[in-house]
Amino acid sequence: MFEKTQIEALFGELDREWRGKPDFEQISRAAHLGIAYWDAGRPLDKIDPRAVALIEKHKPKE
Amino acid sequence: MTKTVNHVVTRPGRKHGDADVQIPVAQDLSTVPGIRQRDADVSFYSRVYPQETQNIEKAADRQWVWSVYSEETLIHRKRHDEINEPLVDAAAVSGDLEPTGTPTGEDITEAIRLKARELGFGEAGFTKFDRRYTYTGKKRWVKYEHAICLALEQDYVQTQSLPSMDAEFAHFGTYEIEGALTLDLADYIRSLGYHAQIHSPNDNSAPYIPMFVAAGLGQLGANGQLLSPHFGSRARLAIITTDAPVTYDEPVDYGLHQFCQVCQVCVNRCPGRALVPDKVWWRGVEKNKLIYERCRPVMARYDGCAVCMKVCPIQRFGAPAVMEHYVTTGEVLGKGTHLLEGYTFLERGYFGPGELPQFDRQFFEIPHGRNEEWLFQQFKEKLMNEGLPPEEEIVGFAKQVRNILVKGNSTLGDE
C-alpha cells in the first residue's frame, strides 16, 4: 500500500512537472485512480501513462 | 468476488461534449430509484413541523463561527461576502423580472439543459419544486412550480487538499461562479419567453438535495451530501424555478443508497464523529442523519473540515470507476488506504486509516438555536449562578433581545 511519504512524493513531483499546464487536473485525477488501483492489485492499463510513470517511480518497494 | 450486475446506468459525460459513461450497479447495491421515502410522512412532517432555514434556526452558532475563524479565513470570508452580496441580491428579486422573449409553447427542457451544460454546470435536471420542503420564511417567496436543479463542480485538485484554505478558496469560489452562472441561465430562460426565479445557494429556499435526487442527479450519501455520479459531493447546488414548459426527469438508482452502508469510510473518518453508520427514518425518508452539534464546531475551527467530502470514494474516483471496481472485486475502491482515508488536520498533524483526532467535551459546547434563544439561555444560567442581576443589566438584556427582534429573521446566509 502507498504510504503517506510515497503519496506526497508522487504528488509533489506531479505538481512540479504539471501545475499550470492544461493536463494538470487530468493527470492528477488519473494518479489518484491509478494509486487506488495499484493498492487494490488491479492493472493500470486504462490509466493515463503519464500517471502510470509516476506511480511506477514512487510505488512501494516489493 | 465478482458481483452480479442488476442494471447499468448511462449518464452524460462529466463535461459538455464528453462521451456518455456507464455505471454498473451490483445486485446487492440495488434498492430504489432516488431514496426510500414514505410520501405521507414527508407531507405530515412538512405540515406539522415545517422546516426553517439554518440561517434562522441556527443563527447563534452561525454568528459564533466568526469568533473562531483564523485571521486568513476572516479576510477571505469578508472578501467572499463582498463579491457574493450583489449576486444574492439579484437572485432575490429575479422571480419578479418579466420575460424578454416571446414564448412558443414548445417544451424547452433540452434547450435549457444544453445551455446549462454549455455554461459549465456539471449536472442539470428537472423536477417539480416540492413545496413540502420550502422553508417557512420562504413559502410566499417561491413563485414557479418547475425546478431546474443545477450542480457546479468544485476544483478537483484543490478539494483533495481538504481541510485547507486552498480548498476553502475552491469552495467559496465555486459559489461565486455559480451565482453569476445562474443569473446568465435565468436571462436565457427569460429570452425564451418565460419567468425564472433563482434560488441562491447562499439564501436557500429549501433543502435542495431532495429535489436533486428526484431529478435523477444523484443519491443522498451517508455524509448528508448529494452524491452525483461524476463528482460525488464535490459540487455546489442551486435551483431555478420557472413557468416554462418542461419535462421532469426521473430519480435514478445509482446503487449509492446502499453503497454507503457498505463503504462507511466517511462515517469512520469523521473527525467530530458526527456521522452515523445506520440509516433511520427522518421526516419521511430513510437516511443517515448526521449530528449537527458534532459537525459544526469542527467545521468552524478547521478550515471548513469537509473530511467527509475528501474521503468519499465517489468524490475521489467517480461512480463509474468505483461501481466497476465493486462489481469486479466486491470491494470499495480505496477503502483502508492512506490515499483515500489519510488526512492532515492542521496543527494536529496527520491521521492515517484507523486514526482520529481527539477533542474534549468542551470543544463541542457552542451557542445553539436562534440568537434570542441563546441570549435567554445565557441569561438563565447567569440567574442560576449569580442570582438576580442589577437593573441596568436586565435593561441591557432587554435591549439586546429587542435589537434581535427588530432586525427580524433574515433568511440570508453567509456561505
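How many residues does the contact take from chain B, and how many from chain A? In this predicted model, the contact takes 17 residues from chain B and 14 residues from chain A. On the side of chain B that touches chain A, four helices each supply at least two residues: α6 (156-159), α13 (313-317), α14 (319-329) and α15 (338-341). That side of chain B comprises eight nonpolar, seven polar and two charged residues.

Chain B itself is divided into two domains. Domain 1 covers 1-369, and domain 2 covers 371-407. Taken over C-alpha atoms, the centres of domain 1 of chain B and domain 2 of chain B are separated by 38 Å.

A helix pair in chain B was examined next. Two packed helices are described by the angle between their axes and the distance between the axes. Helix α4 (residues 71-92) of chain B packs with helix α7 (residues 165-191) of chain B at an angle of about 10 degrees. Their axes are 9 Å apart. Angles under 35 degrees count as roughly parallel, so α4(B) and α7(B) are roughly parallel to each other. By class, the contact of α4(B) with α7(B) has ten nonpolar, six polar and three charged residues.

Helix α9 (residues 256-263) of chain B shows how buried residues can be arranged around a helix. The buried residues of α9 are B:Leu256, B:His257, B:Phe259, B:Cys260 and B:Cys263. Seen down the axis of α9(B), these residues fall within an arc of 165 degrees, so they line one face of the helix. They pack against β6 (219-220), β7 (226-227), α10 (265-269) and α13 of chain B. Helix α13 of chain B is also one of the helices that supply residues to the side touching chain A. B:Gln264 follows α9(B) and has a positive phi, near 65 degrees.

Several loop residues of chain B were also considered. B:Arg234 is placed in the loop between β7 and β8 (235-242) of chain B. Is B:Arg234 buried or exposed? A residue is buried if 20 or more other C-beta atoms lie within 10 Å of its own. B:Arg234 has 29 other C-beta atoms within 10 Å, so B:Arg234 is buried. Leaving aside residues up to four places away in sequence, B:Arg234 touches B:Glu153, B:Gln154, B:Thr159, B:Met309 and B:Gln315. B:Arg234 and B:Pro201 are 33 residues apart in sequence. In space, 14 Å lies between them, C-alpha to C-alpha.

The loop between α6 and α7 of chain B holds B:Pro163. The peptide bond from B:Leu162 to B:Pro163 is cis, with omega near -15 degrees.

The loop between α11 (292-301) and α12 (307-310) of chain B contains B:Asp303. B:Asp303 is not a glycine, yet its phi is positive, about 50 degrees. B:Asp303 counts as buried because it has 22 C-beta neighbours inside 10 Å. B:Ala306 is also found in the loop between α11 and α12 of chain B. Phi of B:Ala306 is positive too, near 60 degrees, in a residue other than glycine. B:Ala306 has 25 C-beta neighbours inside 10 Å and therefore counts as buried.

Notes. Residues numbered from 1 in each chain as written. Chains lettered and ligands numbered in written order. Predicted model: local features only at pLDDT ≥ 70, side-chain atom pairs only at ≥ 80, totals over all residues. Domains from an automatic or database assignment. Contact = placed C-beta atoms within 7 Å. Nonpolar A, V, L, I, M, F, W, Y, C, P; charged D, E, K, R; others polar. Axes fitted to C-alpha atoms, helices over the stretch in contact; angles between N-to-C directions. Parallel < 35°, antiparallel > 145°, perpendicular 65-115°, else oblique. Buried ≥ 20, exposed ≤ 12 C-beta atoms within 10 Å, placed from the backbone. Arc of directions from axis to C-beta.
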